[in-house]
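Please look over the structure shown below before reading on.

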Amino acid sequence: MASTIVPSAIKKVQNMMSGEKGSKAAQLEHDAATPTKDDRITSDFGVKQGNTDDWLKIVNEDSTGPQLLEDSFAREKIHRFDHERIPERVVHARGAGAFGTFRLKQSAEDVTLAPILNDTSRETPVFVRFSTVQGSRGSADTVRDVRGFAVKFYTQEGNWDIVGNNIPASPHNHGISYLILISMQVFFIQDAIKFPDFVHAVKPEPHNEVPQAQSAHNNFWDFVNLHTEATHMYMWAMSDRAVPRSYRMMQGFGVNTFVLINKKGERHFCKFHFTPQLGVHSLVWDEALKLAGQDPDFHRKDLGEAIDNGAFPKWDFGIQVIPESQEHDFDFDILDATKIWPEELVPVRNIGELELNKNVDEYFPQTEQVAFCTAHMIPGIAHSNDPLLQGRSFSYFDTQLSRLGINWQELPINRPVCPVMNFNRDGQGRHRITKGTINYWPNRFGIQPPATAEEGAYPEYPEKFQAIKARAKSAKFKEHFNQAQLFLNSLSPPERQHLIAAFAFELDHCDDPTVYERMSTRLADIDLDLAQQVAEMVGGPVPDEETRPNHGKKATKISQAEFAPASPTIATRRVALLIADGYDPVAFNGVKSALAASGAIPFVIGPRRSEIFPAGAGKTPGNGVKADHHFEGMRSTMFDALFVPGGADSIQTLSKSGRSLHWLREAFGHLKAIGGSGEAVQLFKLAFGLPNINISQDGEAVESYGVVTISQVQPDHFTEVVKIAKEGTNFLEKFWFQIASHRNWDRELEGLSSQV
Ligand code: HDD
């Protein structure tokens with residue numbers, strides 16, 4: 001009996017695996033169908049249908065009449081439609097996912113026996129789902145919020161899920177002595193038991209279900225003011241981190257403290273980091289607000305577009321480890337998920353690379369039905385006593401029961417690539433069929449005995465306890481403001497301004513004076529200048545003395561400016577080329593092909609989405625270029641940079657159009673790189689018209705506040721750029737440098753962006 005049951009099931013899975021690389025793809029391919037023209041539509045029970053458009057009726061001469069219940073095809077179709085929706089995730093409902101590969105570059109065998117982290121020859125398939133937290137499934141992508149960063153590794157030893165965020169922030173601190181040091185792994189609360197309170201407070205208010213996908217409301221600010229362990233986290237949430245430019249340009253953190261176990265049975269505490277190779281970049285707030293209406297799917301499309309174009313997003317994967325013997329050597333509790341482990345004390349070891357390289361085939365069965373669980377750990381990785389992690393590992397399994405049913409781990413996207421053999425049986429939606437008479441252990445045939453350590457059984461660590469039972473927190477958990485100060489002090493000047501503006505925006509949306517007045521006072525616990533600026537804006541009491549002196553310390557790796565890629569790049573940046581009839585073809589074609597050669601994505605934007613004709617070529621169809629979009633269909637918010645080639649007629653048309661001027665002024669206000677050649681310099685004078693902006697006059701390329709111009713054009717000005725340099729004389733070198741810099745902060749700091 002044993003020989004017929006176990007080996008055949010295992011063999012089937014092993015055949016699918018044929019080496020770990022691609023095994024998940026092979027498994028999913030096995031489950032997937034691609035309909036073709038040769039297929040015929042059938043009912044769910046497999047019978048071919050000849051008419052899917054008319055319900056079976058008793059008909060009069062004019063073919064009208066009552067419908068028959070007998071039409072099982074029609075009833076099945078409506079039944080299926082009526083039940084298409086499942087409960088959305090209670091948090092992180094809106095998301096986007098993709099498949100990819102994890103490659104280990106450096107073994108961490110010294111700390112873990114998990115083959116995925118010590119075998120550099122392995123490639124492990126992954127599925128990643130990014131999300132927002134607050135909004136419902138149909139909300140917008142670019143709202144101010146923490147972003148989820150959940151990774152499912154389909155390893156040969158079983159599924160391993162890191163269910164993380166792009167923001168680490170913590171409310172707690174650990175004594176002034178290490179405050180100059182920081183890494184980023186933190187959360188709003190310390191104990192899982194507070195999660196329902198936090199989520200109720202941030203979600204739409206119960207009486208009117210307002211607001212959608214925003215923390216800008218009374219209940220959120222009421223809660224975080226009273227629950228001061230959230231102080232540090234809301235500093236992060238009010239910073240640029242909460243409005244990422246792209247999922248591809250944000251960090252990911254496991255946030256909790258995990259345990260690694262090595263072959264010697266030694267235990268290390270661990271935190272997980274993902275750092276994007278494209279740098280960490282954000283939208284500006286006004287742009288994020290507009291995009292929420294103009295293109296609510298902005299991040300989802302951005303991810304899909306990059307992968308479709310072969311520009312696979314990549315992150316360095318790193319670990320921070322602390323040996324068990326040093327658990328108590330820190331003046332903070334290393335099990336407190338609201339605290340960071342300073343990188344200077346516990347360096348990040350970058351040991352691997354995560355790449356996303358395949359979009360989903362169908363959203364619902366893959367991105368919607370994927371289900372993560374922090375308890376999904378493989379041998380060599382284990383729980384610590386982090387009180388947030390322990391509670392999470394109950395919550396995730398539990399929530400999948402109401403969302404997907406008890407057999408959620410059998411859904412194709414959730415199924416491991418290694419054999420799953422046990423005596424769990426039945427329940428709603430059971431897929432797996434196991435042959436034979438045995439469904440218990442021990443049994444007279446010796447079928448499916450538990451594994452030994454040598455066979456790869458999950459190792460339990462014998463941890464010693466001598467304890468009392470209590471609802472308690474350690475003393476180290478109770479300081480809530482020093483890291484909020486540290487965070488503020490570490491921001492660049494524009495980032496600090498953005499933070500103040502974010503507080504001002506959020507509290508302006510609170511109409512209960514108790515809330516915004518208390519928050520105005522509370523901010524003086526962090527910084528007097530911050531409190532005064534915000535209080536003045538929101539109409540709260542302006543504090544005149546600090547309630548807690550700002551210690552003035554700073555930390556590295558807080559400001560996004562510190563995450564620039566190793567060398568500047570414009571790869572994957574969306575650049576709009578604005579033209580009308582009579583554009584200069586030399587500049588247009590030169591810049592367009594140079595952009596593509598540098599890995600950017602050029603888009604032609606014109607007054608209409610049909611052919612636009614260059615100067616001197618007449619309007620013969622085929623002589624021009626077809627615009628990708630027209631000015632009204634897309635807005636400047638959807639692009640990272642703009643280029644306007646010259647051409648007298650084209651520039652004249654653009655100068656007369658309020659919409660094209662708005663494109664330029666809005667991009668200027670959003671601090672984007674703007675390039676122009678030939679007659680475009682006149683358009684720029686009209687659009688920007690500020691004495692500070694220096695525009696090219698004598699044929700030399702000039703860069704001024706991120707506006708790069710060249711008044712006279714030679715074809716060799718637009719040949720492929722070889723290096724990206726601010727000081728280069730080449731137009732493209734200068735323009736590319738501005739695009740690679742993401743935004744021109746000087747424009748904002750000197751108040752120019754608000755004058756246009
Ligand atoms: Fe959570 C979803 C991240 C604390 C309970 N969480 C969820 C997702 C992410 C996180 C990325 C979406 C997963 C997906 O794409 O399907 N959560 C975090 C992080 C936390 C955290 C980084 C702090 C370290 N979460 C947390 C606590 C609890 C939960 C303390 C409950 C006690 N989280 C859930 C949940 C969700 C969830 C209700 C909703 C949908 C799901 O699990 O599958 O169970």
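Helices (DSSP runs of H or I, at least four residues) and strands (DSSP runs of E, at least two residues) are numbered from the N terminus. In those terms, β2 (123–132), β3 (147–155), β4 (158–165) and α10 (387–403) each supply at least two residues of the shell around the ligand. The model is a predicted one, in which local features need pLDDT of at least 70 and side-chain atom pairs count only at pLDDT 80 or more, while totals for chains, interfaces and linings use all residues. Residues are numbered from 1 along each chain as its sequence is written.

**Overall form**

- The protein chain has 20 helices and 19 strands; its radius of gyration is 29 Å, close to the 27 Å that the globule rule gives for 756 residues, so the chain is as compact as a globular protein of that length. The radius is taken over C-alpha atoms, and the globule rule is 2.2 Å times the number of residues to the power 0.38.
- Along the principal axes, the C-alpha atoms of the protein chain fill a box of roughly 95 × 85 × 55 Å.
- Of the 756 residues of the protein chain, 46% count as buried, a term that requires 20 or more other C-beta atoms within 10 Å of a residue's own, whereas exposed residues have 12 or fewer and partly exposed ones fall in between, with C-beta atoms placed from the backbone.
- Among the contacts in the protein chain with a separation of 6 or more, 74% are accounted for by residues 24 or more positions apart; two residues are in contact if their C-beta atoms, placed from the backbone, lie within 7 Å.

**Around the ligand**

- The ligand is surrounded by 26 residues, of which the closest are Arg89, His92, Gly148, Val255 and Ser395; a residue is near a molecule or strand if its C-beta atom, placed from the backbone, lies within 6 Å of it.
- Helix α10 gives the most to this shell, with 6 residues.
- By class, the shell has 13 nonpolar, 10 polar and 3 charged residues, where Ala, Val, Leu, Ile, Met, Phe, Trp, Tyr, Cys and Pro count as nonpolar, Asp, Glu, Lys and Arg as charged, and the others, Gly among them, as polar.
- His92 lies in the loop between α3 (72–82) and β1 (95–104), and His92 counts as buried because there are 23 C-beta neighbours inside 10 Å.

**A sheet of 7 strands**

- An open sheet with mixed pairing is formed by 7 strands in the order β15-β12-β11-β16-β17-β19-β18; two strands pair if DSSP finds at least two bridges between them.
- The edge strands of this sheet, each pairing on one side only, are β15 (629–630) and β18 (702–704).
- Strand β18 is joined by 3 bridges to β19 (residues 707–710), and the two run antiparallel; Glu703 has Val708 in β19 as its bridge partner.
- Helix α15 (residues 585–597) packs on the sheet and touches β11 (574–578), β12 (601–606), β16 (641–644) and β17 (673–677), its direction making about 175 degrees with that of β11. Axes are lines fitted to C-alpha atoms, for helices over the stretch in contact, and angles run from 0 to 180 degrees between N-to-C directions.
- Helix α18 (residues 680–688) lies across β16, β17 and β19, and runs at about 135 degrees to β17.

**Backbone exceptions**

- Most residues other than glycine have a negative phi, and most peptide bonds are trans.
- His92, although not a glycine, has a positive phi of about 60 degrees.
- Tyr705, also not a glycine, has a positive phi of about 50 degrees; Tyr705 is found in the loop between β18 and β19 and is buried, with 22 other C-beta atoms within 10 Å.
- Val210 and Pro211 are joined by a cis peptide bond with omega about 0 degrees, and Pro211 lies in the loop between α4 (195–202) and α5 (218–226).
- A cis peptide bond, with omega about 0 degrees, also joins Trp441 and Pro442, and Pro442 has its place in the loop between α10 and α11.

**Two further loop residues**

- Glu460 is found in the loop between α10 and α11 (482–490) and counts as exposed, with 8 C-beta neighbours inside 10 Å.
- Arg609, in the loop between β12 and β13 (611–612), is partly exposed, with 17 other C-beta atoms within 10 Å.
- Not counting residues up to four places away in sequence, Arg609 touches Ala627, His629, His630 and Gly633.
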